[in-house]
Amino acid sequence: MMANLEYYKVFYHVVKCGSVTQAAGALSLSQPAVSQSLKQLETALGVVLVKRTSHGITPTAEGRELFSYVEKGYEQFEAGEKRILQMCNLERGEITIGASDMTLRFFLLPYLERFHEKNPGIKVSVTNGPTPATMILLREGKIDFGVVSGPILPEDGIGMLPVKEIEDIFVIGKNFSQYAGKTHPLKLLEQLPLITMEKPTSTRKYVQSFLEERGVRINPEFELATSDMIVQFALRNLGVGSVVRDFAAQELASGELMELKFEEPVPVRDFLVVTDERSRKSLAAAALLEMMKDALKQGEIK
């Protein structure tokens with residue numbers, strides 16, 4: 001059975017210092033306590049580890065052999081303690097986040113920038129993907145938290161914090177200007193070429209469910225992977241683009257695109273910060289989450 005680790009700690013310092021007195025000072029112990037620990041280690045191992053000479057304490061052949069192993073282990077322990085202290089002080093560490101292009105661009109990025117300015121030693125890894133993929137990563141414990149587009153169904157053990165309202169709208173280019181400035185029934189969408197996100201995304205699912213609940217069946221002309229591409233297709237008059245307002249804000253402000261208004265607009269929804277309450281997050285991730293929660297309380301978000 002391995003001897004008490006404290007004995008090895010004492011042995012390390014005695015050999016390193018070459019003196020019981022100096023080792024006692026380094027360990028904040030009394031000299032008799034150091035001598036007793038050293039004696040107990042020798043008894044446990046059945047060998048003499050050090051000898052006293054006119055030059056102080058020197059290891060025996062067995063002591064030198066043992067010290068070659070103890071030195072490596074002890075210095076690894078010290079390095080580990082130093083690394084943990086750095087992580088506690090946010091000098092080092094890692095955060096893993098799941099986010100989509102939309103949640104990253106219109107919510108998360110400014111907070112990552114601010115956090116990095118304060119804690120440049122923290123490595124941040126962002127896995128890009130739609131809401132369903134992010135939720136899978138969260139359940140599997142592969143990310144500290146996710147930022148997704150709601151709504152999503154409540155789930156045991158999963159925390160959901162609304163952090164920013166978003167609005168789904170329909171945009172048109174100049175070739176569809178005859179529809180601008182008026183309010184239309186939703187059924188009009190069945191008659192126009194529609195440009196939407198692909199089916200696996202929460203945005204496509206939300207808008208399509210809203211329309212189907214009102215008896216509107218859509219058959220998109222184009223199904224695209226990103227909202228930026230939807231805006232580009234709409235600019236080229238390829239159809240009516242279904243996007244979150246933030247993506248088309250610049251083009252709407254410049255008049256390059258116009259909003260197609262309906263008698264019943266799509267209800268606003270939220271970006272959600274999702275966490276697995278059953279598992280511990282890294283210290284760095286907890287600090288970033290706290291920063292975002294403070295911003296929410298202070299009204300910086302929404």
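Which residues point one way from strand E11 and which the other way? Val-240, Ser-242 and Val-244 point to one side, Gly-241 and Val-243 to the other, and all are buried (under 20% relative accessible area, with exposed meaning over 50% and partly exposed in between, for a 1.4 Å probe and protein chains only). E11 is thus a mostly covered strand, with five of its five residues buried. The model is a predicted one, in which local features need pLDDT of at least 70 and side-chain atom pairs count only at pLDDT 80 or more, while totals for chains, interfaces and linings use all residues. Residues are numbered from 1 along each chain as its sequence is written, and side-chain values use heavy atoms, with hydrogens and water left out.

Helices (H or I, at least four residues) and strands (E, at least two) are DSSP runs numbered from the N terminus, and two strands count as paired if DSSP finds at least two bridges between them. On that basis, five strands make an open sheet of mixed pairing, in the order E10-E9-E11-E7-E12. The edges belong to E10 (222–224) and E12 (258–259), each of which has a single partner strand, so one side of each lacks a neighbour in the sheet. Helix H9 (residues 245–254) packs on this sheet and touches E7 (168–172), E11 and E12, its direction making about 120° with that of E11; contact here is heavy atoms within 4.5 Å, and axes are lines fitted to C-alpha atoms, for helices over the stretch in contact, with angles from 0 to 180 degrees between N-to-C directions.

E9 (residues 194–197) runs parallel to E11 (residues 240–244) and is joined to it by two bridges, with Leu-194 partnered by Val-240. E7 and E11 run antiparallel and share four bridges; Asp-168 sits opposite Val-244.

Helix H5 (residues 101–118) comes next. Its 18 residues should span 26 Å at 1.5 Å a residue, and the end C-alpha atoms are 24 Å apart, which agrees; the expected span is 1.5 Å times one less than the number of residues. H5 still bends by about 60° at Leu-108, with Pro-110 following within four residues (the bend being the angle between axes fitted to the seven residues ending there and the seven starting there). Leu-108 is also among the buried residues of H5, along with Phe-106, Phe-107 and Tyr-111.

Most residues other than glycine have a negative phi, and most peptide bonds are trans. Gly-150 and Pro-151 are joined by a cis peptide bond, with omega about -5°, and Pro-151 lies in the loop between E5 (145–149) and E6 (158–166). Ser-28 has a positive phi of about 55°; this residue, in the loop between H2 (20–27) and H3 (31–45), is exposed at 67% relative accessible area. Asn-237, with phi near 60°, is in the loop between H8 (227–235) and E11 and is partly exposed at 23%.
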